[in-house]
Amino acid sequence: QEQLVESGGGFVQPGRSLRLSCDASGFNLNYYAVAWFRQAPGKEREGLACINGGGTRTNYADSVKGRFTIARDNAENTVSLQMNYLKPEDTAGFYCAAVRDPILLGGCFAPGIYDFWGQGAQVTVSS
């Protein structure tokens, strides 16, 4: 059973950092493109970052470019999202999603292309 499990969410003050992890079970995540999305209550799901299966190419939404970094760890079969300089408007449920590579990274922020989703991890940024 292919599953993604997210961890690392929490409550942080503005300007601080969090690192989210997306751990795969039942399949080798390194053969899948992976994206991170967030969704705040009452708002649309927003694609933030994606990475190809080989970990050599990435794409970022303007809202997080320069602050967030997506990366892969082959040994741990995980994909991470390092989030720096967090802002209150980053507050949302964060989700990772995976689809078999290859994909066009330019279209990686469309939720409908992904086959597997994590359960979501809450990130709250507040003073």
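Phe27 is buried, at a relative accessible area of 11%; the term buried denotes under 20% relative accessible area, exposed over 50%, and partly exposed the range in between, with a 1.4 Å probe and protein chains only. The model is predicted: local features need pLDDT of at least 70, side-chain atom pairs count only at pLDDT 80 or more, and totals for chains, interfaces and linings use all residues. Residues are numbered from 1 along each chain as its sequence is written, and side-chain values use heavy atoms, with hydrogens and water left out.

Six aromatic pairs were found in a search of the whole structure. Rings of Phe, Tyr and Trp (its six-membered ring) pair if their centres lie within 6.5 Å; planes under 30 degrees apart are stacked, over 60 edge-to-face, and the rest tilted. The Phe27 and Tyr32 rings have centres 4.7 Å apart and planes at 70°, so this pair is edge-to-face. Tyr32 is buried, with a relative accessible area of 6%. Ring pairs join Phe27, Tyr32 and Phe116 into a cluster.

Phe37 and Tyr114 also form an edge-to-face pair, at 5.6 Å centre to centre and 80° between the planes. This pair links distant parts of the chain, 77 residues apart: Phe37 lies in strand S4, Tyr114 in the loop between S9 and strand S10 (116-117). Strands (E, at least two residues) and helices (H or I, at least four) are DSSP runs, numbered from the N terminus. Phe37 is buried, at 0% relative accessible area. Tyr114 is buried too, at 6% relative accessibility.

The largest nonpolar core holds 32 residues; Leu4, Leu29, Leu81, Met83 and Phe94 have the most contacts inside it. Such a core is a set of buried Ala, Val, Leu, Ile, Met, Phe, Trp, Tyr and Cys residues joined through side-chain atoms within 4.5 Å. Elements giving two or more residues to this core include strand S3 (18-25), strand S8 (78-83) and strand S9 (92-100). A second, separate core has nine residues, among them Ala35, Cys50, Cys108 and Tyr114.

Arg72 is found in strand S7 (residues 68-73). Arg72 is buried yet has no salt bridge; the nearest side chain of opposite charge, Asp101, is 6.0 Å away. A salt bridge needs a side-chain nitrogen of Lys or Arg within 4 Å of a carboxyl oxygen of Asp or Glu. Lys and Arg count as positive, Asp and Glu as negative; His and the chain ends are not counted. The side chain of Arg72 instead reaches backbone oxygens: that of Asn52 at 2.6 Å, and that of Tyr32 at 2.8 Å from a polar side-chain atom.

Terms used. A polar contact is a pair of N or O atoms within 3.5 Å; within protein, one must be able to donate a hydrogen and the other to accept it, and residues adjacent in sequence count only if both atoms are side-chain atoms.
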